[in-house]
Amino acid sequence: MSDTYDVIIIGGGPGGYVAAIRSAQLGFKTAVVEREHLGGICLNWGCIPTKALLRSAEIFHYMQHPGAYGLSAQGVGFDIGAVVKRSRGVSQQLNGGVGFLMKKNKIDVIWGEAKITKVGEVTVGKPSKPAVQPQNPPPKGTLGEGVYKAKNIIVATGARPRVLPGIEPDKDRIWTYFEAMVPPSMPKSLIVMGSGAIGIEFASFYRTMGAEVTVIELLPQILPVEDAEIAALARKRFEKQGIKIITGAKVAKVEKTAAGVTATVDDGKSVQTLSAERLISAVGVVGNVEGLGLEALGVKMDRGTVVTDGTGKTNVPGIYAIGDVAGPPMLAHKAEHEGVICVEAIKGMHVHPMDKLKIPGCTYCNPQVASVGLTEAKAKEQGFQVKVGRFPFAGNGKAIALGEPEGMVKTVFDAKTGKLLGAHMIGAEVTELIQGFVVAMNLETTEEDLMHTVFPHPTLSEMMHESVLDAYGRVIHT
């Protein structure tokens, strides 16, 4: 039957479409159900368009300081409409690319909203709510409403912004990342609630473009998942740029005013009010588990996400989950890798369950922040005796030549075995450098292997080598 598949994937985001491609490569008859936009939040309203915005901000920053490079420029400015248009164009180009990949791999795209009516069966109907970015008409070659059967159903429905009671986004004065990505005009002042990757990236973008920015974080540390030493350096740099940061405080109340918003901030000792034209709520995301029929089928949940075994399997045979909906870390590259693992496990191949400690995290603010593995504090908590190496950007010739002498590479090793437990970086292009340590950890590389590796000169990557040498008392350039 034409409506019967080996694998149906609900959700066409990074996890879903990558799982679909790998499924097709393995010979499975495959379909993807999508209600909104191929590529998911990451491609359309997350990872990709924010990087386009941040690239515009980075270039604007350099244009404002040409003298540092022996250059001159006059009349430097920006058109926020053009900046946003470029960002949206990048997303649209890649969105079309995902559609091409579906066609190339002979994957059916079913347009609509899915519900698992019983094991092995998916009912697709009209979306229950308007799309954030409607695709009308749906891409050519897509199927529509109906009942579809599959031996294996993979849930890859992603996540959405968490909403705090009383601080509900209104698309006008209180924004989520959706609205923050397409501002109709540049606000003069902004409050960012939450200092994770999303909050800090938008704080960095808007501050670079000239807005007065205040970041409020509930926990004592900004970038809470990062190593404390790296987070402290980041805070120092952000404050030097003029970003105001309040930690250990919560936004107790937000009131809309004629000029924008007024936020009541409580740190447990005192209460203050802050006013701004806009407020961005960046307090995390929640999995899209509702309306899928999972609870009726007895699929086990935990704190709003689907429980899996590390290869995508749920407790109900024939139903799998990957990506944000399967729990943290909620990152596109984690979703993609989970999709591959899941489909290969369905095929009966030998797979390694997802090791979340080897998933890198990147924040594309200025300066960039990147990490993988255990922080120094977590390593000690787990009972490791550690050796810690550090190397500053100021000691690297390429960093100085780039005009980027502020930053640090930090490595954490098990003192007994030489195993690399974690790596943490802040500075220019560290989101590109971190993968070197990810590969090292996956290959179970020791400090000896890294010290014997020849790094090219002059490159920023030499700091990775020096950080390892520093952990063992052999650093050269400091």
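User: What is the strand order of the open sheet, and how is its pairing described?

Analyst: In this predicted model, five strands form an open sheet with parallel pairing, and their order is β8-β15-β9-β10-β11.

User: What makes β8 and β11 the edge strands?

Analyst: Strands β8 (174-175) and β11 (244-246) each pair on one side only, and that is what marks them as the edges.

User: Why is α1 called roughly parallel to α8?

Analyst: The axes of helix α1 (residues 14-25) and helix α8 (residues 332-347) cross at roughly 30° and come within 8 Å. Angles under 35 degrees count as roughly parallel, and therefore α1 is called roughly parallel to α8. The crossing of these two helices, α1 and α8, is right-handed. On the α1 side the contact is made by Pro14, Gly15, Tyr17, Val18, Ala19, Arg22 and Ser23, and on the α8 side by Ala332, Ala335, Glu336, Gly339, Val340, Val343 and Glu344. Sorted by class, the contact of α1 with α8 comprises eight nonpolar, three polar and three charged residues.

User: Which residues make the contact between α3 and α4, and at what angle do these helices pack?

Analyst: Helix α3 (residues 47-64) and helix α4 (residues 80-104) pack at an angle of about 145°, their axes being 8 Å apart, and α3 passes α4 in a right-handed crossing. From α3 the contact draws on Ile48, Pro49, Ala52, Leu53, Arg55 and Ser56, while α4 contributes Val83, Val84, Arg86, Ser87, Arg88, Val90, Ser91 and Leu94. The contact of α3 with α4 divides into eight nonpolar, three polar and three charged residues.

User: Why is Lys29 called partly exposed?

Analyst: Lys29 has a relative accessible area of 35%; buried would require under 20% and exposed over 50%, so Lys29 falls in between and is called partly exposed. Lys29 is found in the loop between α1 and β2 (30-34). The C-alpha atoms of Lys29 and Asp108 are 8.7 Å apart in space, although the two residues are 79 residues apart in sequence.

Methods
Residues numbered from 1 in each chain as written. Predicted model: local features only at pLDDT ≥ 70, side-chain atom pairs only at ≥ 80, totals over all residues. Heavy atoms only, no water. Axes fitted to C-alpha atoms, helices over the stretch in contact; angles between N-to-C directions. Helix = DSSP H or I, 4+ residues; strand = E, 2+ residues; numbered from the N terminus. Parallel < 35°, antiparallel > 145°, perpendicular 65-115°, else oblique. Left-handed = near helix turned anticlockwise from the far one by under 90°. Contact = heavy atoms within 4.5 Å. Nonpolar A, V, L, I, M, F, W, Y, C, P; charged D, E, K, R; others polar. Pairing = 2+ DSSP bridges. Buried < 20%, exposed > 50% of the residue type's maximum accessible area, 1.4 Å probe, protein only.
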